[in-house]
4 protein chains.
Amino acid sequence: MTNEENIVKSLMYDNDPFSQWLGIEVLKVEKGYVELQMTIREDMCNGFGIAHGGITYALADSALAFAANSHGIQSLSIETSINHLKPIKPGESIKATTTLINETNKTALYSIDIYCGDKKVAYFKGLVYKTGKLWPTDTQ
Amino acid sequence: MTNEENIVKSLMYDNDPFSQWLGIEVLKVEKGYVELQMTIREDMCNGFGIAHGGITYALADSALAFAANSHGIQSLSIETSINHLKPIKPGESIKATTTLINETNKTALYSIDIYCGDKKVAYFKGLVYKTGKLWPTDTQ
Amino acid sequence: MTNEENIVKSLMYDNDPFSQWLGIEVLKVEKGYVELQMTIREDMCNGFGIAHGGITYALADSALAFAANSHGIQSLSIETSINHLKPIKPGESIKATTTLINETNKTALYSIDIYCGDKKVAYFKGLVYKTGKLWPTDTQ
Amino acid sequence: MTNEENIVKSLMYDNDPFSQWLGIEVLKVEKGYVELQMTIREDMCNGFGIAHGGITYALADSALAFAANSHGIQSLSIETSINHLKPIKPGESIKATTTLINETNKTALYSIDIYCGDKKVAYFKGLVYKTGKLWPTDTQ
C-alpha cells in the first residue's frame, strides 16, 4: 500500500462506520484524488422513493475527506455545497471522483462529480481547513 | 392532525426509510416550519469518531424537505450548502429548526440551524423548486 | 470614534476606492456588526435595466469585510454565496445588515441581509479566515 | 454575427452599463459558452489595495448571464457562490471561462474559472432559472 492508500483505507475508512454502512468501496486513491462507489439501497431512500439527499452528500463528503487527508495532513471540511441534479433509484450505483481546484497552506478547495452510469447526478464543492496535525505514515 | 402535519408525518416521514434509520423525531410542524431532532449513534460516525458530515446534512435536508412540502406543493431541493461548525459526539442529540428566507411562485429559500444543546453545530442553506404538483390533502 | 469605527472608517473605507465608487455609506459600526447603505445608479445596471448582480454582491462583500475586520484582526473572505431574490431599479436604496453565525479562532461565518425598503432583495453568506495580523488601533 | 453573438453583444452587453464600466471585453461567444476579459484598475480596489471581491464576482456573474442567455432563452441567476483564491493587483488582467455542468428544462448550472495569467484567482458556481421568454433573434 502507498502512504495515501494507507491513510485512506487503514486509518480513515476502517474506522468510519457510516461510510461502511453506506457500502462505500474505495476504487482508487492517489495524493489528493480518490474514486469511490456505492449502490443505493431501499433504506437510503426518502419519501419520494429516491436516494435521500443526505446519501449523495455523504458519499461526496467522504470523498472530500479521503482526498484532502490523503496528503497526510489532517483536514476538516468547513464549507460544502451540493446540487442534486437527477433522482437516483434503489439498485443504481453511483461513483464519485474528486478534482482539486486550489490549495494553499491552510485550505484546499475540491469539486466532486457524482455519476450514475454516464448521467451526472450531483455536483459538490468543498473547502477544507488543514489543521497541521499529521496522520501516522507507517504503512506496514 | 393539521394538513401540514398530515403531509409531513403520514405522506413523507412514514415513507422515508432513511429519515427513520436516522431516528428523526418530528417535534413540530407548521406551514413552512418544522423542528426535528435525532441522537447521534456510533454507526453514524466517521474516522475521527464524530458525526459524519452526511448525518447533519441529512437531518437538515429532511428539515428542508418537510418545511418546503408542508405548504402542500411538491418541492425539490436544487441547491444546498452546509457549514459544519462544531464536532458532534455519539450520544449527543441535535435539533434542527427552519427559517423561511424568501419565497416566490417557483422557488423557496430556507436556512436551517442545527443545535446540540445551546451550541450551534451546523448552518445549512437550501433552495427548493416548486414543481406545482399537489400533495393529497385528505387528513383522516 | 471607537476602535471599531476607526478600523472600518479610517483604515478600511477611506482607502477603498470601489466602496466609494459605489457610494456606500457606513450607517453603523459595532464589534462584529455593520449597517451599510447605497443607492443604485444607472451605471450600476445590467442589460435587463436592473442592478447588476455584482453590485449587490459588492455591498454584501464590503459589509462582510467591515464586520469581520472590526474586531481588529485582519480577515480575508474565503467562501461567499449570494441569492438574488428580487430585482432592484435605479434610484432605489439598499441596506445591508450583518449577522455573526459562528466564530472560531481561525474563521468567522456571517450572513448578510440586503433590503430595499421592507423587501428582502438578496441573501449573502460569507466565511472569513483570520490571518492573525492586527489592524493598528490608535484612534486619534 | 451568429445568433449567440448577437444576443450577448448587441442585446446584452451594449445595454449593460456596469459591464462597460468594468471594461469587460467579450473574447468568445458560443452556445452556452463565453470567454470574457478585463483589467483591474485602481478604482476597483478595496482597502487592502487589491481587487474588491465584488469585481471578480461581477466578471463571473456577467459571464454566467452571457453564457446562460446565449441559448436565446432569458435566464436569471438564482444562486451563486465564489471562492476568492488569490489577490489581484491593479494593472493585472483577468479572464473568465464558463463550463456548463448541468441543464434541465427550467435551470442550468455553470462553473466559472477566473485566471490571472496561469494562476487561478477565483472559482464561481452559478445556477440560473430559465424564464421561458425568448430574446429576439434577428441578427442584421
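Before we start, the model is predicted, so local features need pLDDT of at least 70 and side-chain atom pairs count only at pLDDT 80 or more, while totals for chains, interfaces and linings use all residues. Residues are numbered from 1 along each chain as its sequence is written, and chains are lettered from A and ligands numbered from 1 in the order in which they are written.

Let's begin with the copies.

Where they meet, 31 residues of chain B are in contact with 31 residues of chain A (contact here means C-beta atoms, placed from the backbone, within 7 Å). Helix H1 (3-12), helix H2 (17-21), H3 and E3 of chain B each give at least two residues to this side. Helices (H or I, at least four residues) and strands (E, at least two) are DSSP runs, numbered from the N terminus. E3(B) supplies the largest share, eight residues.

**The second meeting place**

Chain D can also be laid on chain B, again by a turn of 180° and a shift of 0.0 Å along the axis, with an RMSD of 0.0 Å. Glu79(D) is the residue of chain D that comes closest to the rotation axis, at 3.9 Å (C-alpha). The copies meet through the same surface, because 100% of the interface residues of chain D are also interface residues in chain B.

Here six residues of chain D are in contact with six residues of chain B. On the chain D side, strand E3 (73-84) and strand E6 (119-134) are the elements that give two or more residues.

The table sorts both sides by class: Ala, Val, Leu, Ile, Met, Phe, Trp, Tyr, Cys and Pro count as nonpolar, Asp, Glu, Lys and Arg as charged, and the others, Gly among them, as polar.

| Chain D, touching chain B | three residues | one residue | two residues |

**One sheet across two chains**

Now for the strands. An open sheet of 12 strands, with antiparallel pairing, runs in the order E1(A)-E2(A)-E4(A)-E5(A)-E6(A)-E3(A)-E3(B)-E6(B)-E5(B)-E4(B)-E2(B)-E1(B). Two strands pair if DSSP finds at least two bridges between them. At the edges are strand E1 (25-30) of chain A and strand E1 (25-30) of chain B, each pairing on one side only. From one strand to the next, the twist averages 20°.

E3(A) and E3(B) run antiparallel and are joined by three bridges. There, Ser81(A) has Ser81(B) as its bridge partner. Within chain B, strand E2 (residues 33-39) and strand E4 (residues 93-103) pair in the antiparallel sense over five bridges, and Leu36(B) stands opposite Ala96(B) in E4(B).

Helix H3 (residues 53-69) of chain B lies across E3 of chain A together with E1, E2, E3, E4, strand E5 (107-116) and strand E6 (119-134) of chain B, and runs at about 145° to E3(B). Axes are lines fitted to C-alpha atoms, for helices over the stretch in contact, and angles run from 0 to 180 degrees between N-to-C directions.

**Inside and at the rim**

The largest nonpolar core has 180 residues, and Leu59(A), Leu59(B), Leu59(C) and Leu59(D) have the most contacts inside it. Such a core is a set of buried Ala, Val, Leu, Ile, Met, Phe, Trp, Tyr and Cys residues joined through C-beta atoms within 7 Å. A residue is buried if 20 or more other C-beta atoms, placed from the backbone, lie within 10 Å of its own, exposed if 12 or fewer, and partly exposed in between. Leaving aside neighbours within four places in sequence, Leu59(A) is in contact with residues including Leu22(A), Ile24(A) and Leu36(A).

In helix H1 (residues 3-12) of chain C, Glu4(C), Asn6(C), Ile7(C), Val8(C) and Met12(C) are buried. The buried residues of H1(C) pack against strand E1 (25-30), strand E2 (33-39) and helix H3 (53-69) of chain C.

Finally, Glu25(D) sits in strand E1 (residues 25-30) of chain D. Glu25(D) counts as partly exposed because it has 14 C-beta neighbours inside 10 Å.

Definitions and conventions. Two residues are in contact if their C-beta atoms, placed from the backbone, lie within 7 Å. Copies are superposed by least squares on the C-alpha atoms of residues with pLDDT of at least 70 in both.
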